[in-house]
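Keep the viewer open as you read.

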Amino acid sequence: MKKIQHQINGKQFDQANATFQAVFNPATAQQIAEVALADTNVVNAAVSAALVAFDSWSQVSPANRAKRMFALHSIVSQKQNELAKAISLEHGKTHEDALGEIARALEVIEYATSIPSQLTGRYNSNVGPDIDTYSDRHALGVVAGITPFNFPAMVPLWMIPMALACGNTFILKPSERNPSAANMLAQFIGEAGFPDGVFNVVHGDKEAVNALLDHPDIDAISFVGSSSIAQSIYQRGTASGKRVQALGGAKNHMVIMPDADVRQAADALMGAAFGSAGERCMAISVAVPVGEGTANRLVDELKSRIESLKLGPSIDPSSQMGPVITQQAQDRICALIAEGETQGCKLVVDGRGASVKGYENGYWVGATLLDEVRTDMSVYQTEIFGPVLSVVRADSFEQARKLVDDHEYGNGAAIFTRDGETARSFAKQVKAGMVGVNVPIPVPVAFHSFGGWKRSLFGSHGIYGPEGIHFYTKLKTVTTRWPSGIKEGANFSFPTNSE
Ligand code: NAD
């Protein structure tokens, strides 16, 4: 059985008396590996290595840090097929989808290569007599990232390039459900010439996370995962004086106005709701058609498309949707569909009981379409994180927008319309961090930043892009005097810039 170990200080770290957790192929339900679960000693070893590495790494010039980032970009590009295969095997997503997440990750690495110009400071001369002032941003120290199962390469790479480019050293605690991608990243980062200890991987569960949160030598934590855990990470991390950004769950709505092209909206919804089996934080899980006519046409269009959607393992290139991540996820999603039915929604397409020939044991849930969903139903209130699309019918644009505003999550929201005034009003007013106009999954490009509102983000910084640079650096302002002649004598009044 393949054993997955921690990667500390540029090499494999074999944990003494380790506890291991099984890793499964979700398409077959077979165990394919086991991963070590770190205890406090392992976390301490990773922090020590990262702390030693910080001293010299933070002094490397931004231009030389960028050189390593260019090398990393080239290595990840060259090895993307290998990385995508490893992701698909443990996650279940299609090969094309895994390549898609790597493509988005490469964009963040690319942005991080621009760090010399991004870290430019501000300078003012003559702010007082013979006095000049400059401000610039400095690395924080050792920072840690705790990441979810659904993007084993992209989410870690939302953090790592930004943190390293800014001069920090990094400890990644990836999801224990699909840990292999993290070790491949460690290998690529080493090959790109980053010194030992700059990037480390600690595998594990709650115990490892708590050890990271409580460690006094870790300065910042980036977390991406479900909201209840995000909130507790934020509270525990900030209580021990750390800077924390904790991105949580979502329930993303897409409003379809009566003037929208319903066929185009249905096409967009298929990918947005069922791509990656709905296991995306920016997946659309609620469609809000405005008006009965729009709703009826949309449901018809979706139904026919769902019936021809091809479920299958990632090794079959014709698969459009893979299994969900675990047996527990499969059971939970099916239980929520049953609850929706009991609570009175209309089951237009039922994905429970779906199966794939030759892969009968896999964690399959077929694409599911629920109509006439109400806001008091658990299928509406809960983040299902599976291939389930709820249709909530609205009478007006205002009612549709209010649905988004009133939901506890505020990650993304989209509107499909041909009317500029409606689109603009939606984009300006809706309470969500990322908005799409005729774009179903508005994940910002790498030179903008990613982050939701409400219970989708705890902390004040979004991730990657300019917000990432702010998160991973702290400000220093230096005031200098190089006088031609200093007046003698102490001055006890408050310093001002008066002449
Ligand atoms: P999760 O919250 O179960 O796990 C995330 C990380 O937290 C993992 O590394 C896990 O080991 C760790 N963890 C789990 N339980 C813990 C506990 N009790 N204490 C401390 N750490 C713990 O999330 P998941 O199931 O891996 O991922 C799916 C979730 O992530 C969804 O809610 C999804 O919306 C969210 N997500 C959000 C974004 C975003 O950008 N907002 C992106 C991707 C995923």
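**Pockets, cavities and a few buried residues**

There are 4 cavities of 30 Å³ or more in this structure, which is a predicted model.

**The largest pocket**

- Several elements supply at least two lining residues each: helices H6 (154-165), H8 (206-214), H9 (227-239) and H12 (327-342), plus strand S11 (218-224).
- Helix H9 has the largest share of that lining, at 6 residues.
- Sorted by class, the lining comes out as 18 nonpolar, 13 polar and 9 charged residues.
- Where does the largest pocket lie? Domain 1 (2-248 + 456-478) and domain 2 (252-437) both give residues to its lining, so the pocket lies between them.

**The second largest pocket**

- Next up is a pocket with a volume of about 660 Å³. Its lining is made of 33 residues, and Asp97, Gly271, Gly275, Ser276 and Arg280 are the closest to the centre.
- Helix H4 (95-112), helix H6 and helix H10 (262-274) each put at least two residues into this lining.
- The most comes from H10, which gives 6 residues.
- By class, you get 16 nonpolar, 9 polar and 8 charged residues in the lining of the second largest pocket.
- This pocket also lies between domain 1 (2-248 + 456-478) and domain 2 (252-437), because both of them give residues to its lining.

**Ser276, a residue by the second pocket's centre**

- Ser276 is among the residues closest to the centre of the second largest pocket, and you'll find it in the loop between H10 and strand S14 (284-289).
- Is Ser276 buried or exposed? With a relative accessible area of 7%, Ser276 falls under the 20% cut-off, so it counts as buried.
- The side chains of Ser276 and Asp97 make a polar contact at 3.1 Å, and Asp97 is also among the residues closest to the centre of that pocket.
- Leaving out residues up to four places away in sequence, Ser276 touches His91, Lys93 and Asp97.

- Ala277 isn't a glycine, yet its phi is positive, near 55°. Ala277 is in the loop between H10 and S14, and it is buried, with a relative accessible area of 1%.
- Tyr464 isn't a glycine either, and its phi is positive too, at about 50°. Look for Tyr464 in the loop between strand S22 (457-458) and helix H16 (465-471).
- Tyr464 has a relative accessibility of 2%, so it counts as buried.

**The largest cavity**

- How much space lies in the largest cavity? The answer is about 90 Å³.
- Its lining has 13 residues, and Ala250, Gly278, Ser285, Glu383 and Phe385 lie nearest the centre.
- That lining divides into 6 nonpolar, 4 polar and 3 charged residues.

Technical notes. Residues numbered from 1 in each chain as written. Predicted model: local features only at pLDDT ≥ 70, side-chain atom pairs only at ≥ 80, totals over all residues. Heavy atoms only, no water. Helix = DSSP H or I, 4+ residues; strand = E, 2+ residues; numbered from the N terminus. Nonpolar A, V, L, I, M, F, W, Y, C, P; charged D, E, K, R; others polar. Domains from an automatic or database assignment. 1 Å grid on protein atoms, 1.4 Å probe; cavity = no way out; pocket = protein on both sides within 12 Å on 5 of 7 lines; lining within 4 Å. Points joined across faces, edges and corners; volume = space filled by probe spheres on them. Buried < 20%, exposed > 50% of the residue type's maximum accessible area, 1.4 Å probe, protein only. Polar contact = N/O pair within 3.5 Å; in protein donor to acceptor, adjacent residues only side chain to side chain. Contact = heavy atoms within 4.5 Å.
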